[in-house]
Amino acid sequence: MRSFDVISAADLDLGIGKDGDLPWKLRSEMRHFSRTTKRTEDATKRNAVFMGRVNWEATPEKYRPLPGRLNVVLTRREDYPLPDGVLRANSIEDALRQLAEPPYDREIERVFCIGGGNVYAQAMAMPQCTRLVLTRIDERYGCDTFFPAHAEDFELTEVLGRGSDGDVDYEIQDWRRRAV
Ligand SMILES: NC(=O)c1ccc[n+]([C@@H]2O[C@H](COP(=O)([O-])OP(=O)(O)OC[C@H]3O[C@@H](n4cnc5c(N)ncnc54)[C@H](OP(=O)(O)O)[C@@H]3O)[C@@H](O)[C@H]2O)c1
């Protein structure tokens with residue numbers, strides 16, 4: 001199985017979603033998400049993103065599948081319809097196994113878990129999850145979905161950048177799994 005990074009954005013309460021959607025619109029933060037998940041060292045390869053079915057459905061149809069990346073949707077529903085070119089997986093292990101097999105073993109450079117809350121919690125409990133790229137937004141949005149507590153298993157190693165959208169400030173953090 002392959003290792004993977006988690007990428008997320010959370011508010012001051014570690015809130016990540018509300019009423020099945022993102023409670024904020026931060027254009028520059030979305031650009032960071034897009035750039036980070038698309039960037040490859042080898043121009044002939046692309047990255048993969050895996051996500052929960054609720055996150056997939058929360059993504060407006062015109063933006064999905066996320067372009068330039070192999071999209072993998074986690075669902076336990078065997079008959080869940082997905083467009084051509086999008087993979088379905090019935091567990092995170094199944095997703096990582098599919099990505100470790102031809103043709104994806106050669107074609108895919110990096111793998112990102114892009115949420116939501118249910119999937120983050122399972123993914124971050126797996127040793128294959130080695131890194132968190134976490135945007136901390138300096139606001140409170142009264143969310144109903146949360147990013148898992150992570151300071152015990154991961155260590156903040158670097159602040160990758162700071163930004164703002166309107167009057168909302170945020171910091172992009174790099175967390176690495178602590179050695180056991
Ligand atoms: N701020 C951020 O960075 C960020 C990122 C992503 C999402 N979000 C927000 O998070 C919220 C959605 O999160 P959520 O926790 O409600 O749902 P979710 O994690 O996106 O999706 C949960 C669904 O994924 C499937 N699933 C989960 N684990 C699975 C497994 N091990 N094997 C197979 N299928 C599995 C199940 O689908 P089935 O029921 O079909 O079996 C489950 O109902 C939204 O508000 C969204 O906007 C925020």
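A123 sits in helix α5. The model is a predicted one. A123 counts as buried because it has 25 C-beta neighbours inside 10 Å, and the cut-off for buried is 20 or more. Beyond its neighbours within four places in sequence, A123 is in contact with V6, I92, C113 and C129. R77 is 46 residues away from A123 along the chain, and the C-alpha atoms of the two are separated by 19 Å.

One of the contacts of A123 is C113. Not counting residues up to four places away in sequence, C113 touches F4, V6, F50, V119, Y120, A123 and C129.

In soluble globular proteins, nonpolar side chains tend to be buried together.

Next comes the ligand. The shell around the ligand has 28 residues, of which G17, G52, N55, G115 and G116 come nearest. Two or more residues of this shell come from each of β1 (4-10), β2 (15-17), α2 (53-58) and α5 (117-124). Sorted by class, the shell holds ten nonpolar, 14 polar and four charged residues.

Helix α1 shows how burial can be arranged around an axis. Helix α1 covers residues 27-38, twelve residues in total, and reaches 16 Å from its first C-alpha to its last, close to the 16 Å expected at 1.5 Å a residue. Which residues in α1 are buried? They are E29, H32, F33 and T37. These residues lie on the same side of α1 because they cover an arc of only 115 degrees around the axis. The exposed residues R27, R31 and R35 are carried by the face of α1 turned away from its buried side.

The last stop is a loop residue. D167 is found in the loop between β9 (154-165) and β10 (168-177). Is D167 buried or exposed? D167 counts as exposed because it has 7 C-beta neighbours inside 10 Å, and the cut-off for exposed is 12 or fewer. V133 is 34 residues apart from D167 along the chain, with 22 Å separating their C-alpha atoms.

Note on methods:
Residues numbered from 1 in each chain as written. Predicted model: local features only at pLDDT ≥ 70, side-chain atom pairs only at ≥ 80, totals over all residues. Near = placed C-beta within 6 Å. Helix = DSSP H or I, 4+ residues; strand = E, 2+ residues; numbered from the N terminus. Nonpolar A, V, L, I, M, F, W, Y, C, P; charged D, E, K, R; others polar. Expected span 1.5 Å × (residues − 1). Arc of directions from axis to C-beta. Contact = placed C-beta atoms within 7 Å.
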